[in-house]
Amino acid sequence: SDHMENICGYLMKYTNLVTGWQYRFFVLNNDAGLLEYFVNEQSRHLKPRGTLQLAGAVISPSDEDSHTFTVNAASGEQYKLRATDAKERQHWVSRLQICTQHHTEAIGKNNPPLKSRSFSLASQGSANSPGVQRRPSQNAISFFSVGHHRLPAGKRVPIMQPDHLVDVREMMSQAEGQQRDLIRSIECLPVSGHLTSLDQDLLMLKATSMATMNCLNDCFHILQLQHASQQKGSLPAGTTISWLEPKISLTNHFKNGAAQNFPAEINKPASVREEQSIAEPCQLTREPEEINPDEELEDICDDKEDDLGAVEEQRSVILHLLSQLKLGMDLTRVVLPTFILEKRSLLEMYADFMSHPDLFIAITNGTTPEERMIRFVEYYLTSFHEGRKGAIAKKPYNPIIGETFHCSWRMPKSDVAADASSNFPAHSSSEQVTLSKDMEGQAEPDYYTVKFVAEQVSHHPPVSGFYAECVERKMCVNAHVWTKSKFLGMSIGVTMVGEGILSLLEHGEEYTFSLPCAYARSILTVPWVELGGKVNINCAKTGYSASINFHTKPFYGGKLHRVTGEVKQNVTNTVVCRVQGEWNSVLEFTYSNGDTKYVDLTKLSVTRKRVRPLEKQGPFESRRLWQHVTESLRDGDIDKATEHKRTLEERQRNEERLRAETETPWCTKYFLKEGDGWVYHKPLWKTVSAAQTQQTDTN
């Protein structure tokens, strides 16, 4: 091919944090499938300073600039390279990709599929067996068979009868147990020595065995759906459908409460059986529950996520996970290992963005539209710091569909910034009675209450809705967020798709806003979080808008967590405020009159949220739902936490499967679908409107 020519030239190569980027002379050897580099062109006749095998490699242009790209070899070695311009980068990337594809395909042609073979990880095997180096004492699995089988010519596959599916399910359960034992056996190997748990062949065996079991489960599900469609409508209510799951009646299966009939359940912890026996959400009351703030107590949990121990101990698991991922792969359906989880649900993380309720309430106290927009920007930028629990990047629990989280904050009125010239009218007596009947006959409290509720309204795609309000100040915020995760090589990117609306009812203003992307960087060393992307805040009524840029750190130089932004009046295109700094450190606000204000986020007071005790929470409220996972993580028992987490996820999958088979739609509890978004069922703007209408009718 004309494109398979050998090319050479200077590129910058990133070495390390100390020496940074250095010019090196690179040579692409198409015949050998090698990328070599030398100190300079004059030393080309000497031994290369470095060599990468391109067969099986991944060539990835960087999305951070137009000059950088990476070469990720199958061995795990990586080169970070930078061309002089975008045109030169494209030239190198295209030639490298062509060479990589050619040699990868050549390997496939020269190495046909393996014949049926068996090997043991515990007993002695052939010289080529991965288990030949194992210690005799490590006998977690005695035999694991890998093979390919063909049916005799002309023999048709018999149509499976319902009772045959029971046998298949039992065989698959045995296979899943063997596969878990296999993975456990590999992970029991030492991390150093002749044969380690990081051996490339063993990592590939872990990945392929898991992929095989996932494929078999998908096929089994297809068979179940096929039988369900054939039998639909022909069974009377309450009939036992033994071929979906052994001895589970339709009503019990719908409630997901018959799992303890299996003998294996006897050996499971009581907490796991309790998780499995929780009724299906749609069978519980779907009527919205009014939470009494007086039942909520100040939160005493303080789970900082600064512990790296589990991550370092489970490095092989991370490598195993990475071996299954491809660049750009959607991680929505990927089950991540338990040890990287932080001890709270994503719904509670959204609540923690409200940890400065004084700044939130103070927005409506601004005397002019300009001041209110600037106050909202100040609150918005200070919310992300407390949303993170420590410097280590860990992932909150994925909420299950129907999961909810409730909390509130009490803010002394004297602590909320207000202007002396503020002349907002106080609430009329009729409005006060309508908006807060619980206050009837009581003295007005000396604090404001901000109430929060969040609900997971969809599983695929994963969408959360959350709503907060302060009745006394006639303000509320409604938002929905779809989290889309992607694998980016040595980092994971999360796009927050959705929109929020802040309503200031005293002023008749609505502020629409979006959320930045989040990135978990350095996932193989010390994972950390950074935010990136551009967000906009707009108020159509006043004509004020804000543009905020969260800057990601470039490969070389630059600051971490940098943010810049400006507030402008759209009609005159006048910038009234500029902001710069770090979203987790110090922010600097510069106003049009020349004044400057500094906000040190590390010194801002945090108001603890108030949460009902576990015994008063519903079975699908976040803390009660995940309590056993959280307790196990606090105790450092990763295996137990994984078992509890797996139980919850399996229950969710079973319920989703049954709803699909019975064509039962999911019904939400607190949020209603409106267009492409989700809106709280009883937002404050409806309540205030009703109160004003009632007052007008009375007059």
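E663 lies in the loop between α14 and β27 (671-674). The backbone of E663 has a positive phi of about 55°, although the residue is not a glycine. With a relative accessible area of 59%, E663 is exposed. These values come from a predicted model.

**Positive phi angles**

- Most residues other than glycine have a negative phi.
- K474 has a positive phi of about 55° and is not a glycine.
- The place of K474 is the loop between β15 (463-470) and β16 (475-487).
- K474 is buried, because its relative accessible area is 10% and the cut-off for buried is under 20%.
- E663, described above, is exposed at 59%, the cut-off for exposed being over 50%.

**Helices α13 and α14**

- Helix α13 spans residues 627-635, and its buried residues include Q627, H628, V629, T630, S632 and L633.
- Helix α14 covers residues 638-662 and contains D639.
- H644 also has its place in helix α14.
- Is H644 buried or exposed? H644 is buried, with a relative accessible area of 1%.
- The C-alpha atoms of H644 and T630 are separated by 9.5 Å, and the two residues are 14 apart along the chain.
- T630 belongs to helix α13, where it is buried.

**A patch of negative charge**

- Which residues gather in a patch of negative charge on the surface? They are E631, D635, D637 and D639.
- D639, in helix α14, is exposed with a relative accessible area of 67%.

**Salt bridges: the R623 and D299 pair**

- The structure holds 24 salt bridges.
- One of them joins the side chains of R623 and D299, at 2.8 Å from N to O.
- R623 lies in helix α12 (residues 622-625) and D299 in the loop between β10 (297-298) and α6 (309-313), so the pair ties together parts that are 324 residues apart in sequence.
- R623 is buried, with a relative accessible area of 17%.
- D299 also counts as buried, at 7% relative accessibility.
- Both residues belong to a network of salt bridges that links D299, E342, R344, E348, D352, K609 and R623.

**Salt bridges: the two partners of E566**

- E566 forms a salt bridge with R578, and the closest N and O atoms are 2.9 Å apart.
- This pair links distant parts of the chain, with E566 in strand β22 (residues 562-569) and R578 in strand β23 (residues 574-582), 12 residues apart.
- The side chain of E566 also meets that of K568 in a salt bridge, at 3.9 Å from N to O.
- How accessible are these residues? E566 is partly exposed, with a relative accessible area of 24%.
- K568 is partly exposed, with a relative accessible area of 21%.
- R578 is partly exposed, with a relative accessible area of 46%.

**S355 and D352**

- S355 is found in the loop between α8 (346-352) and α9 (357-362).
- S355 is buried, with a relative accessible area of 5%.
- A polar atom of the S355 side chain lies 2.8 Å from the backbone oxygen of D352.
- D352 is also one of the residues in the salt-bridge network that includes R623 and D299.

- L560 has its place in the loop between β21 (544-551) and β22.
- L560 is partly exposed, with a relative accessible area of 36%.
- The C-alpha atoms of L560 and E582 are separated by 7.5 Å, while the residues are 22 apart along the chain.

Note on methods: Residues numbered from 1 in each chain as written. Predicted model: local features only at pLDDT ≥ 70, side-chain atom pairs only at ≥ 80, totals over all residues. Heavy atoms only, no water. Patch = residues over 30% accessible without salt bridge, like charges linked within 9 Å, V, L, I, M, F, W, Y side chains within 5 Å. Areas by Shrake-Rupley, 256 points an atom, 1.4 Å probe, with all protein chains shown as cover. Salt bridge = Lys/Arg side-chain N within 4 Å of Asp/Glu carboxyl O. Lys, Arg positive; Asp, Glu negative; His and termini not counted. Charge placed at Lys NZ, Arg CZ, Asp CG, Glu CD. Helix = DSSP H or I, 4+ residues; strand = E, 2+ residues; numbered from the N terminus. Buried < 20%, exposed > 50% of the residue type's maximum accessible area, 1.4 Å probe, protein only. Polar contact = N/O pair within 3.5 Å; in protein donor to acceptor, adjacent residues only side chain to side chain.
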